[in-house]
Amino acid sequence: MLKKPISKYIDYIDAPEDTFEQYVEKGMRYNFRCVFANLEEYEVGRAMLEGTDVILAGAIDFPEGVMKLEEKVSMFERYADCGFTEIDYVLNQHAVEERDFDAIACEMSAIAEFCRERGITDKVIVEMCKLDGDEEAKRRICEIALDAKPAFLKTSTGRSFGGAKLEDVELMREVLGDAVAIKAAGGIHNYDEARAFIEAGASALGASAGIAIVEGAPVYERG
């Protein structure tokens with residue numbers, strides 16, 4: 001048995017053909033963990049979700065991961081002032097690709113501290129696929145997260161050349177234990193795959209296939 005309905009693990013990614021309102025409506029109908037909005041959409045989304053426990057999350061420097069730290073912190077300030085209490089963001093990808101662990105630690109620590117002060121759940125995206133074949137680098141980034149303590153460490157944006165892998169989630173759980181939650185995203189297509197990532201240690205799943213995942217689950221796990 002899962003600890004909660006499968007829907008409450010899913011950070012739902014919108015379908016391109018949906019309007020923002022249609023997307024949020026699906027988020028409510030399927031009782032997902034969260035849906036996403038930008039600054040301009042926040043008030044509409046907040047009003048629609050009032051009275052539900054579906055989280056309205058933001059995403060910064062997504063999916064590119066090209067902002068300098070100062071730019072990123074400035075965006076976090078704007079999102080915090082708007083009212084967001086949960087934000088996914090992409091680590092600077094030049095730092096990831098170059099294995100610049102000092103820069104990664106500086107960025108992750110600064111944003112984690114800001115988010116703790118503002119009561120924001122921060123989910124930091126690595127793009128583990130860019131480190132394939134370099135388990136030492138993957139482990140080092142997990143160790144940085146263990147020290148910085150963001151709310152979540154996330155495998156992928158789902159927009160790069162690779163998505164979530166079970167072995168990455170297992171490595172992340174091995175290093176992070178219960179100190180930092182794990183989000184798997186990218187290429188999770190159905191209930192069986194979703195269940196496998198949860199069993200490997202993921203507490204949240206980023207999925208555009210959220211509806212298919214819920215509809216493929218046993219009735220007692222749907223929520």
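**Buried charges and helix packing in a predicted model**

Lys-123 is buried, with a relative accessible area of 0%, where buried means under 20% relative accessible area, exposed over 50%, and partly exposed in between (1.4 Å probe, protein chains only). The structure is a predicted model, in which local features need pLDDT of at least 70 and side-chain atom pairs count only at pLDDT 80 or more, while totals for chains, interfaces and linings use all residues. Residues are numbered from 1 along each chain as its sequence is written, and side-chain values use heavy atoms, with hydrogens and water left out.

Lys-123 belongs to strand β5 (residues 121–125); helices (H or I, at least four residues) and strands (E, at least two) are DSSP runs, numbered from the N terminus. The side chain of Lys-123 forms a polar contact of 2.6 Å with that of Asp-11, and another of 2.6 Å with that of Glu-86. A polar contact is a pair of N or O atoms within 3.5 Å; within protein, one must be able to donate a hydrogen and the other to accept it, and residues adjacent in sequence count only if both atoms are side-chain atoms. When neighbours within four places in sequence are set aside, the residues in contact with Lys-123 include Arg-33, Cys-34, Phe-36, Phe-152 and Lys-183, contact meaning heavy atoms within 4.5 Å.

Lys-26 is buried, its relative accessible area being 18%. Residues up to four places away in sequence not being counted, Lys-26 touches Tyr-12, Asp-18, Phe-32 and Ile-211.

The packing of helix pairs was examined next. Two packed helices are described by the angle between their axes and the distance between the axes. The axes of α1 and helix α2 (residues 42–49) come within 10 Å and cross at roughly 30°; axes are lines fitted to C-alpha atoms, for helices over the stretch in contact, and angles run from 0 to 180 degrees between N-to-C directions. The helices α1 and α2 are therefore roughly parallel to each other, as angles under 35 degrees count as roughly parallel, over 145 as roughly antiparallel, 65 to 115 as roughly perpendicular and the rest as oblique. The crossing of α1 past α2 is right-handed; a crossing is left-handed if the near helix is turned anticlockwise from the far one by less than a right angle, and right-handed if clockwise. On the α1 side the contact is made by Phe-20, Glu-21, Val-24, Glu-25 and Met-28, and on the α2 side by Val-44, Gly-45, Met-48 and Leu-49. These residues divide into six nonpolar, one polar and two charged, where Ala, Val, Leu, Ile, Met, Phe, Trp, Tyr, Cys and Pro count as nonpolar, Asp, Glu, Lys and Arg as charged, and the others, Gly among them, as polar.

Helix α5 (residues 101–118) packs with helix α6 (residues 135–148) at an angle of about 30°, their axes being 9 Å apart. The helices α5 and α6 are therefore roughly parallel to each other, and α5 passes α6 in a right-handed crossing. The residues of the contact of α5 with α6 comprise ten nonpolar, one polar and two charged.

For α7 and helix α8 (residues 191–200), the axes come within 9 Å and cross at roughly 20°, and the two helices are therefore roughly parallel to each other. The crossing of α7 and α8 is right-handed. Leu-166, Val-169, Glu-170 and Arg-173 of α7 meet Ala-196, Phe-197 and Ala-200 of α8. Of the residues in this contact, five are nonpolar, none polar and two charged. Glu-174, in helix α7 (residues 166–176), counts as exposed at 56% relative accessibility. The side chains of Glu-174 and Arg-139 are joined by a polar contact of 3.2 Å.

The buried residues of α8 are Tyr-191, Ala-194, Arg-195, Phe-197, Ile-198 and Ala-200; they pack against α7, β7 (181–185), β8 (204–207) and α9 (210–215). At the start of α8, a side-chain oxygen of Asn-190 reaches to within 3.2 Å of the backbone nitrogen of Asp-192.

The peptide bond from Phe-62 to Pro-63 is cis, with omega near 0°, and Pro-63 lies in the loop between β3 (55–60) and α3 (69–82). Asn-31, although not a glycine, has a positive phi of about 55°.
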